[in-house]
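The following report summarises the architecture of the model shown below. Please read it alongside the sequence and coordinates.

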Amino acid sequence: MPVTVRVPTQLRSLTGGVGEVAVEASTAGEALRALDALHPGLAERLFEESGSLRRFVNVFVADEDIRFGAGLETPVAEGETVSIVPAVAGGA
Amino acid sequence: MADATVTALVCRECGRTYPLEALHACDWCFGPLEVAYEYEAIGARPLREEIAAGPRTIWRYRALLPVDDAQPVELGGGWTPLVRAERLAAELGLGELWLKDDTANPTGSFKDRVVSVALTKARQLGFKVAACASTGNLAASIAAHAARAGMVSVVLVPKDLERAKTAMAAVYGATVVAVDGDYDEVNRLCIELVAEHESWAFANVNLRAYYAEGSKTLAFEIAEQLGWRAPDHVVVPIGSGSQLTKIAKGFDELGKVGLLTGDESAGVRISGAQAEGCSPVAAAFERGSDAVRPVRPSTIARSLAIGNPADGYYALQSVRRSGGAVESVSDAELLEAIGLLARTEGIFAETAGGVTIAALAKLAAAGVVRRDERVVAIVSGHGLKTVEVLGAAAEPCATVPPTLEAFEAAVGEGLTERAATEEVLACR
């Protein structure tokens, strides 16, 4: 089903500057893989070699961090947005 | 030999290297950057002699700090007392207990360690504006050090912070901006501001790799003050998790460069302390999880009220690797602990210190911190910064007219009777 993936500024060099990409997917993982299929090179920025999400890459589905949901298996409903948000360290 | 022992910034996650500039996150994987040292070259130097000849400040450990400067930006922070706490130990059922009294720093908290490092580096890189996101202690320290260095400072804090903290920053001359939000929102705003104001040195954003290293000096001082011996167990408050992570790193480094006596580099247990109203790291520890789930803070321990701790993951790793634990305490427990610490040892701690002592008490009761261990608790900030939370505990017991009768009626023999039950310690 059609969903939207929101791409952060830091990764837009790989999407030709585009911040929102429409893909077909039913889980967060599928959405990110579909994004990589359209814009090769994204997957290695998002995933470890083991296939797990990199520690400082956060992914939100409907504003919920998928780490506290079903991870990459977190379902995405039609029209929902999958947001990639780098967890850039800062703070006391 | 400027920075001869510091080689690069390295991503903690993917290992990519970067030049020693105002960079804090990896372009590739977004991991935090950390300063890399040439430990072999450092270890080959006569370090104990160099340190012994150095100033009684954090800068005696120049060899293991990320910026080398003959005249650092400082107010004399560091080399705070490590005091044996016999009366508190007896109360908690512990044996050898020490307190690292960082209330004695120039602006009243451990932040003087990290800020001195950050602003020395900032000045070296040519920055003229010092900035930070702060829960209060950092703001005061940034403002004071910037004043000392002739830099302009701007500090962002959550609104309705303790009065003393914002007052200090304002009087030192900082532009103090209270943000209508919690610390995590202030922090996010600062991350955005860094991109807009490249000529500003945010101590805990673009200068964070250098800044955080300052906390290692807590480990260095503790070991040196114990005669170059590592303690068995250290209890550290957790806000962002940076202080705990860097104390663990500090002890590791002492082992690497051969500064410890014997084989004690192995096995300093590190335990963390959080307030229940903001305990994402304690919760992850309890769950046995690596993922620190952000929370919305609700605690009087404002200096630790960070719901999305940047180094939460690394703090967890340090605790688990060392065989420690993370404990959380209620606001009532931390208030009781502030009183206990002050009454037994004469040290007045802010709320974060209350969290640490209350967590120490719980860990001792649970047998996690043991009676046969040499234990050090970090008291990270001064109690005058957070007096408003103390309520009646900070008030006089009576207000009387200036007459003998009135005094005796209010106080009577109670004081003398109480003194009779105390055991006065000889020559501490």
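Among contacts in chain B between residues at least 6 apart in sequence, what percentage join residues at least 24 apart? The share is 69%, where two residues are in contact if their C-beta atoms, placed from the backbone, lie within 7 Å. For chain A, residues 24 or more positions apart account for 52% of the contacts with a separation of 6 or more.

This is a predicted model, in which local features need pLDDT of at least 70, side-chain atom pairs count only at pLDDT 80 or more, and totals for chains, interfaces and linings use all residues. Residues are numbered from 1 along each chain as its sequence is written, while chains are lettered from A and ligands numbered from 1 in the order in which they are written.

**Overall dimensions**

| Chain | Residues | Buried residues | C-alpha span along principal axes |
|---|---|---|---|
| Chain A | 92 residues | 32% | about 40 × 30 × 25 Å |
| Chain B | 428 residues | 55% | about 70 × 50 × 45 Å |

A residue counts as buried if 20 or more other C-beta atoms lie within 10 Å of its own, as exposed if 12 or fewer do, and as partly exposed in between; C-beta atoms are placed from the backbone.

**Chain B**

Chain B contains 16 helices and 13 strands; helices (H or I, at least four residues) and strands (E, at least two) are DSSP runs, numbered from the N terminus. Its radius of gyration is 22 Å, close to the 22 Å that the globule rule gives for 428 residues, so chain B is as compact as a globular protein of that length. The radius is taken over C-alpha atoms, and the rule is 2.2 Å times the number of residues to the power 0.38.

The domain assignment, automatic or from a database, gives domain 1 (82–108 + 212–391) and domain 2 (396–421) of chain B. Taken over C-alpha atoms, the centres of these domains are separated by 37 Å.

In chain B, 4 strands form an open sheet in the order 8-7-6-9, with parallel pairing; two strands pair if DSSP finds at least two bridges between them. Strand 8 (175–179) and strand 9 (200–202) of chain B are the edge strands, each pairing on one side only. Strand 6 (residues 129–133) of chain B runs parallel to strand 9 of chain B, and 3 bridges join them. B:Ala130 has B:Ala201 in strand 9 of chain B as its bridge partner.

**Chain A**

Chain A has 2 helices and 5 strands, following the pattern β-β-α-α-β-β-β along the sequence. Its radius of gyration of 12 Å agrees with the value near 12 Å for a compact globule of 92 residues.
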